[in-house]
Amino acid sequence: MAKCDVCGKNSLLPEKFGAVNVCKVCFMKANGLLWKHQYERYEEAEKQRCNALETVHKHNFPQPVIAAINEFFTNQMNGMLRCDCCGQPVQHLQKLGNVNICKQCFGKINTSAWKETEYEDNNGVEKNREKILKIAIKNGFPPIVVEAINGYFDSKLEKGLIRMLDSHRGQKLKIYETYCVLTTTDNFDIEESSKGYGKALKKSQPKESLISNSTAKSLARSVLTGGIVKAGINLATSAAINVAADAIAPEKAIFKVVKGKYKIDYQEYDSVDYQKAGDGENDVGYIRFRNSNFGGNPAEDIVFIFENNTDKQKAFSEIQQCMNAVKENKKEISKRSQITAQSSSTSVADEILKFKNLLDMGAITQEEFDAKKKELL
Ligand SMILES: [Zn+2]
Ligand SMILES: [Zn+2]
């Protein structure tokens with residue numbers, strides 16, 4: 001309960017203006033234009049302030065109430081900031097780096113949801129940057145705003161990021177120049193993916209390696225004696241491959257699942273292969289990372305599993321190129337350090353030889369030579 005500062009009656013839920021209370025009945029008299037709200041623009045607030053004050057004067061509201069209502073408006077107006085585009089004082093500005101943009105101005109460049117977009121690669125960032133800058137310049141936005149827009153897009157660029165793949169099965173693969181980041185969420189169905197992956201592995205088995213594999217050979221022999229021989233060698237071979245593939249990749253294939261973000265460093269995971277997804281139901285493809293130090297142990301393989309082939313082969317060859325570049329770089333570095341080691345050992349030998357000559361010439365004593373040699377070595 002509060003006492004109305006206009007009529008003096010008690011009111012359960014009065015309208016408040018700072019410390020001033022106005023009961024519903026009194027407030028109705030003053031609020032014909034429904035002015036008690038937040039104002040976006042200065043002129044609008046100023047206009048409504050005049051209207052509201054005129055009304056309360058007419059109804060003979062006491063001076064403290066009039067002052068409180070006036071303050072309701074002036075507080076808002078004083079709290080407004082100038083838009084860096086149109087120069088108008090406004091409420092609710094969009095912040096973009098150091099600049100403020102009013103709703104109206106921001107609306108002009110607010111296409112393609114560019115502030116909500118999660119970019120898949122730097123190309124996407126540049127595309128949107130170009131588009132938004134064009135609109136901003138066309139609308140005559142000042143250089144300070146253009147700069148802020150540029151700064152915003154700069155902050156979205158990821159160094160070394162080449163591409164991001166979404167499996168739409170709970171995995172995302174971000175490809176960088178020297179590593180990948182595989183994100184695996186709880187949406188990733190291990191059971192289903194393992195089945196699909198096993199099926200995809202079968203498709204990818206290289207025929208030569210299966211035939212030369214001793215298991216495959218013995219399997220092939222047993223199939224051949226099983227009566228298919230009459231059908232010809234091609235059928236026998238493909239039957240053998242299927243059986244062998246079953247032995248190597250049973251229905252559910254093994255791989256390592258790491259929930260959350262996992263960094264695949266090309267120094268470590270030094271081999272990558274790829275199988276595209278087939279057209280059948282639940283047919284998936286994969287990009288598989290292997291560490292040669294683990295000797296092809298499938299339990300150590302990191303696998304990105306997808307069902308849509310878009311961009312996947314391209315991404316695979318990008319990863320391969322990056323891995324090769326990392327390997328080349330590693331070779332280059334070890335070659336360079338070998339050369340450095342060689343040249344430093346040469347110079348030590350040279351130094352010792354120099355002192356040996358001095359010793360032979362009698363310029364230094366045997367003790368002096370021994371001491372110098374010890375120091376150099
Ligand atoms: Zn009242
Ligand atoms: Zn503006």
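Two strands count as paired if DSSP finds at least two bridges between them. In this predicted model, Phe289 is placed opposite Ile302 of strand E15 in such a pairing. The chain has 377 residues, and 24% of them count as buried. Its secondary structure amounts to twelve helices and 15 strands. Among contacts between residues at least 6 apart in sequence, 55% link residues at least 24 apart.

**Confidence**

- The mean pLDDT of the chain is 82, and 85% of the residues reach 70 or more.
- Among the elements, strand E4 (residues 20-22) has the highest mean pLDDT, 95, while helix H9 (residues 214-224) has the lowest, 36.
- Over residues 207-246 the pLDDT stays under 50. For this stretch the model has 32 contacts beyond four places in sequence.

**The sheet E13-E14-E15**

- Three strands make up an open sheet, in the order E13-E14-E15, with antiparallel pairing.
- Strand E13 (271-275) and strand E15 are the edge strands; each has a single partner strand, so one side of each has no neighbour in the sheet.
- On average, neighbouring strands of this sheet are turned by 10° against each other, direction ignored.
- E13 and E14 run antiparallel and are joined by five bridges. Here Gln275 stands opposite Tyr286 of E14.
- Strand E14 (residues 285-290) and E15 also run antiparallel, and five bridges join them.
- Tyr286 has Ile305 as its bridge partner in E15, and Arg288 stands opposite Val303 of E15.
- In general, strands of a sheet pair through backbone hydrogen bonds, either parallel or antiparallel.

**Burial of the sheet strands**

- Is strand E15 mostly covered or mostly open? Strand E15 (residues 302-306) is mostly covered, with five of its five residues buried.
- Both faces of E15 are covered. Ile302, Phe304 and Phe306 are buried on one side, and Val303 and Ile305 are buried on the other.
- E14 is largely enclosed by the rest of the structure, because five of its six residues are buried.
- Helix H7 lies across E13, E14 and E15, and runs at about 95° to E15.

**Nonpolar cores**

- The largest nonpolar core has 29 residues. Tyr197, Tyr286, Phe304 and Ile319 have the most contacts inside this core.
- Several elements give two or more residues to this core: strands E9 (161-166), E10 (171-176), E11 (179-184), E14 and E15, together with helices H7 (190-204) and H11 (312-361).
- Which residues does Tyr286 touch, leaving out those up to four places away in sequence? Tyr286 touches Tyr197, Ala200, Gln275, Val303, Phe304 and Ile305.
- In soluble globular proteins, nonpolar side chains tend to be buried together.

- Cys102 sits in the loop between strand E8 (99-101) and helix H4 (103-109).
- Is Cys102 buried or exposed? A residue counts as buried if 20 or more other C-beta atoms lie within 10 Å of its own. Cys102 has 24 other C-beta atoms within 10 Å, so Cys102 is buried.
- Not counting residues up to four places away in sequence, Cys102 touches Cys83, Cys85, Cys86, Gln88, Val90 and Leu93.
- Cys102 and Glu40 are 62 residues apart along the chain, and their C-alpha atoms are separated by 8.6 Å.

**Two helix pairs**

- Two packed helices are described by the angle between their axes and the distance between the axes.
- The axes of helix H2 (residues 42-58) and helix H3 (residues 63-78) cross at roughly 175° and come within 10 Å. H2 and H3 are therefore roughly antiparallel to each other.
- In this contact, H2 supplies Tyr42, Ala45, Glu46, Arg49, Ala52, Leu53, Val56 and His57, and H3 supplies Val65, Ile66, Ile69, Asn70, Phe73, Gln76 and Met77.
- The axes of helix H5 (residues 122-138) and helix H6 (residues 143-156) come within 10 Å and cross at roughly 170°. H5 is therefore roughly antiparallel to H6.
- Val125, Asn128, Arg129, Ile132, Leu133, Ala136 and Ile137 of H5 meet Val145, Val146, Ile149, Phe153 and Lys156 of H6.

Notes: Residues numbered from 1 in each chain as written. Chains lettered and ligands numbered in written order. Predicted model: local features only at pLDDT ≥ 70, side-chain atom pairs only at ≥ 80, totals over all residues. Buried ≥ 20, exposed ≤ 12 C-beta atoms within 10 Å, placed from the backbone. Helix = DSSP H or I, 4+ residues; strand = E, 2+ residues; numbered from the N terminus. Contact = placed C-beta atoms within 7 Å. Core = buried A, V, L, I, M, F, W, Y, C linked by C-beta atoms within 7 Å. Axes fitted to C-alpha atoms, helices over the stretch in contact; angles between N-to-C directions. pLDDT = per-residue confidence, 0-100. Parallel < 35°, antiparallel > 145°, perpendicular 65-115°, else oblique.
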